[in-house]
Amino acid sequence: MKLVVAVGGASGSVYAKRLLDALVPLAASVEIGLVFTRSGDEVWKHEIGDVPRYPFKRYGLRDFRAPFASGSAGWDAMVVIPCSTGGLARIAHGISDDLVGRAADVMLKERRRLVLVVRETPLSTIHLENMLAVTRAGAVVLPAAPSFYSKPTSIEAVLDTVVGRVLDQLGLPNRLMPRWGEGGGQPDGQHHDDGKGGSK
C-alpha cells in the first residue's frame, strides 16, 4: 500500500503524531509519503516540539515532483490529520496550489481513499457545506471527535479512539482500542430489551 500522510495546521498535532507512531511498525509493508503544511509544521512545533525522525520520506510543500502529485503513480490513499477548515475549503474547491491540495485533488479524481480528520468547533455553514462537497466528491470526513465507551484512562487512549478509526478507514490493521462488543459487550449504562416490553 502507498499512503500519503499530510499534517495540516489545525490544533491537534498529537493526532498526527499518534497516527505516525502507529504506522512505524507497518513501514515494511506500507510506503508512506509525509508532508506538512506550513502552518502544520508551526503548530506541531508549538504543541509538541521537534518532529521525530520517522522512517518515512518527507516531501516539501512545494515539491510537485513527489510521486503522489500525479494520478499515474497509483498511490492508494491519503489522510490529512489534523485537517484545518482552511485546508478543507481548498480541497473542496479543487485549489491545488501546494502538494497537499494537489495530492488530495489526485485522490478524488482517481477515486482513491481520502480521509480528512477535521478539527474545529463550532462549525459554520461554510464548514458544513465544504464537508458536504468533499463527501459528495468521495472523501471521508472523520472529525477528531473522541469516544469514551472504551473508558480511556490516558491522553493516548483518548487519541486512539480517533486514530483507530482513521486506520480502519484506510484499510490498515490496528489494535489501538477495544472494538465494540469486545471484552464485555456494550458499555455500562446501555439498556437491553428483555423481550418483555421492559429493559434490564
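**View 1. Asp21 and Lys17 form a salt bridge in which the closest N and O atoms are 3.0 Å apart.** In this predicted model, the two residues lie four positions apart in helix H1 (residues 13–23), so Asp21 and Lys17 are separated by about one helical turn. Asp21 is partly exposed, with a relative accessible area of 29%, and Lys17 is also partly exposed, its relative accessible area being 26%.

**View 2. Arg58 is paired with Asp41 in a salt bridge, with 3.3 Å between the closest N and O atoms.** This pair links distant parts of the chain, given that Arg58 belongs to strand E3 (residues 57–59) and Asp41 to helix H2 (residues 38–47), 17 residues apart. Arg58 is partly exposed at a relative accessible area of 42%, whereas Asp41, at 18%, is buried, because the limit for a buried residue is under 20%.

**View 3. Arg179 and Asp168 meet through their side chains in a salt bridge of 2.9 Å, taken from N to O.** Here too the pair links distant parts of the chain, with Asp168 in helix H6 (155–170) and Arg179 in the segment after that helix, eleven residues apart. Arg179 counts as partly exposed at 35% relative accessibility, and Asp168 likewise counts as partly exposed, at 31%.

Methods
Residues numbered from 1 in each chain as written. Predicted model: local features only at pLDDT ≥ 70, side-chain atom pairs only at ≥ 80, totals over all residues. Heavy atoms only, no water. Salt bridge = Lys/Arg side-chain N within 4 Å of Asp/Glu carboxyl O. Buried < 20%, exposed > 50% of the residue type's maximum accessible area, 1.4 Å probe, protein only.
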